[in-house]
Amino acid sequence: MVKHQPLQVYEKQIFVSFVTGIYGCRWKRYQRCQDDSSRWECTWFVILCSSFFLLLFWAYFWLVAQNDFNEFNWSVYNRTGEWRDETIPILASTTVGFSYVTFLMILALFHISLGQQLNLYWVHKIGVLATLLTTISGVVSVDDIWADEWDIVLVSLQATAPFLHIGALATVTAISWLVAGYVVRRERSSFQMMVLVVYIIIVLALYLLPLMFTCPCIMDRHSLKPRPDVIGRRGAPMLAPENTMVSFNRALQQGAASLEADVTISVDGVPFLMRDRTLRRTTDIMKVFPSRKYEDASFFNWTELRSLNAGQWFLETDPYWTVGSLTSRDRSRIGNQTVCSLVEMLRLAARANSTAVLNIRKPPPDHPRSRSWFMDTLWAVQKAGISQKRVTWTPDTDRGRVRGFQQSSSEKLSVEEMRQRGITSLTLHYSQASHKDIQEYLANNVSVTVYPVNEPWLYSILWCSGVPSVSSDAPQVLRKVPYPIWLMSQNAYDFIWITSDLVSLAIIIVIFAFQNYHMIRWRMSGIQNYNPEQIMLSAVVPRPNRDVNTMKEKLIFSEINNGLGSSDEISLYPENGYARYSHADFGR
C-alpha cells in the first residue's frame, strides 16, 4: 500500500504537452520520457526527414514548373485522349502533404530541443509513409510522362540560387542550437563527433557555395540589354482559344511583337492552323463528324474544316481558369470562332505591322499534298500580302527552296555548323539555352528565340542573358514585367554573401559557447543526473486532488521501474516541510 504524503504539485507545461501530445499522443507528464530514443523511433525520424526533403524538392519543382503547365496537360492529353487540368490534384495533394510533414518535422525538432524522447504516434507513421510513397509514385510518373521537365530545376536556380542560399544558411544556423546541445550536453562518443564533423562540412560547403553560382542577373545594370520582344505563341491561348483570330488579336493587344502559329495543310491544299494531329480537343468534331474524330486533321478539306466550331471547347473546359473574367461579348465572339486559315493570320500580322513565325507540319507521305505543301504555303503567304522578310519559316527543312524568308532552326547547333548551313537564327527550348551558349551565339550575330517563356522569373534571367526575343503563351503576364524582377551588381552580391556568412559563423560560435558554458555551470553545481521529470520541485501549497495524487503515484512507480536501488529514496526536502519517500514505504 502506498503511503500518501504531501507532495509538490507540478507546474503546467502547456507547450511541452502540446508538442508531445500531437507528435506522439503523450499528453500526460508521466507518459513523457527524456531517455535516448530507441533505434526504431530514430529510424522513423530518418523516414520523416527523407519525406520532408523529398516533398521540399517536389514542391519546388511544381512551383517553377508553372511555366510549363500547358505542356504538361498536353502531354497527358496525348496519352489519355482527354483534356483536363491535371495540375490541380497534384498541387492540392502536394500542398497538403508538405504542410503535414513539415508540421511533424517541426514537432520532432522541438522534441530534440526539449530533450524529449521521440515517439511518433502510429497514425502519423501511417500518414508519413503514405505521403512518402505517394510522392515517390508522383516522381516516377513525371519521369515517365514529362522527363525533360526536370531541366527546369537547374534553369530556375539561375534566378533563385542567391535566395535559396540565404534561406539554407539561416536554417543551418538555427539547427546549430540542436547540434550544440547534442554534442555538448552528453558524454563524448564517436557518433557525436561524426555528427559534429558532418555539420561543420555542411556549414563550410554552404559558405562557399556561391562560388559555383551562375546568375545572369548578377551584373552591372548599365550592361542590361533592351527588353526581349514577346512572340504570341498560338496567339494568347490563356485568354482565347489557341490558333484562332481572337487569340491572335488578344496577343497583339497585350503587346506581342510577333505571332507564332502551327500550320497544317488540308487535303485540298489550304494551309490552316492546328496544333494537334486530330481535331478532337479544339473543335466540335464529335458532333459534326463523330466517325472521323481520330482522323488526321490534314485529311479534311477546307469546307469541312470551316464547318467546325473552334471556340466552344474553350468556354466549356476553361483550361486556364480565365473564362470567368470574360465579358458576355467576349464569350459570344469566342463561341463563334472557326478554324483559322494561314492567310487570315498573316493578313492580321500585316495590318498590325507585325512579323510571323510559322511552325509547319509536313503532310504524311500518303497525303495528296505531300509534295506540293511548300507551294501551298508560299501561295498563302503571297495571297496575304505580307513581306516574306517578315515571315520566319521553321523547321529547318527544304532550305534550298525557302528563299526570301527568314529561316530559323530549332536544332541546337555550333557556330561553325550554322555558318556552313547559312543559318542566322535559332529557336531553342529554354533548357537548351544556357547563359554561356546565348553569349556565344550573340557574339557571332546569331539571333536566339527561346520558348516557352510564361513566368516573370524565366523572362528576367533571359533578359539579363541578352536574348532578343521569347515565345510565350502568356503575353499578358510578361507585359507586366517592365524590368527584371531582381538585378544587382557583383560587388553588392559579394557584400551580401560575405556578410551573411560572417553573421552565421558568429551566431554558431555564440550558440556553441553558450551551450558549453551552461554545461560547465551545470556540472559544477554537482547535479550530475538532473531530470525535470524526477520529483524535484519548488515549494507550493499541497493540494489534495485525486488526479494529482494519481499522477504522483505513477511517477513514483516509474522511478522504481527505471531501476532505483532498494536503498534509494525519493526526497522532497523534508527540512523544508516536505515529505520523504523511501522504498520501505511501499512495503507497508
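Guide: Let's start with Asn-445, which counts as exposed because its relative accessibility is 68%; buried means under 20%, exposed over 50%, and partly exposed in between, with a 1.4 Å probe and protein chains only. This is a predicted model, where local features need pLDDT of at least 70, side-chain atom pairs count only at pLDDT 80 or more, and totals for chains, interfaces and linings use all residues. Numbering runs from 1 along each chain as its sequence is written, and side-chain values use heavy atoms, leaving out hydrogens and water.

Visitor: What is the phi of Asn-445?

Guide: Most residues other than glycine have a negative phi. Asn-445, not a glycine, has a positive one of about 60°.

Visitor: And Asn-243, is that residue buried or exposed?

Guide: Asn-243 counts as buried, at 4% relative accessibility. Its phi is also positive, about 55°.

Visitor: Which residues does the cis peptide bond join?

Guide: Most peptide bonds are trans. Here a cis one joins Tyr-451 and Pro-452, with omega about -25°.

Visitor: How do the axes of H6 and H17 cross?

Guide: Two packed helices are described by the angle and the distance between their axes. The axes of H6 (residues 151–184) and H17 come within 9 Å and cross at roughly 70°. That makes H6 roughly perpendicular to H17 (65 to 115 degrees; under 35 is roughly parallel, over 145 roughly antiparallel, the rest oblique). The contact (heavy atoms within 4.5 Å) involves residues including Ile-152 and Val-155 of H6 and Trp-457 of H17.

Conventions: Axes are lines fitted to C-alpha atoms, for helices over the stretch in contact, and angles run from 0 to 180 degrees between N-to-C directions. Helices (H or I, at least four residues) and strands (E, at least two) are DSSP runs, numbered from the N terminus.
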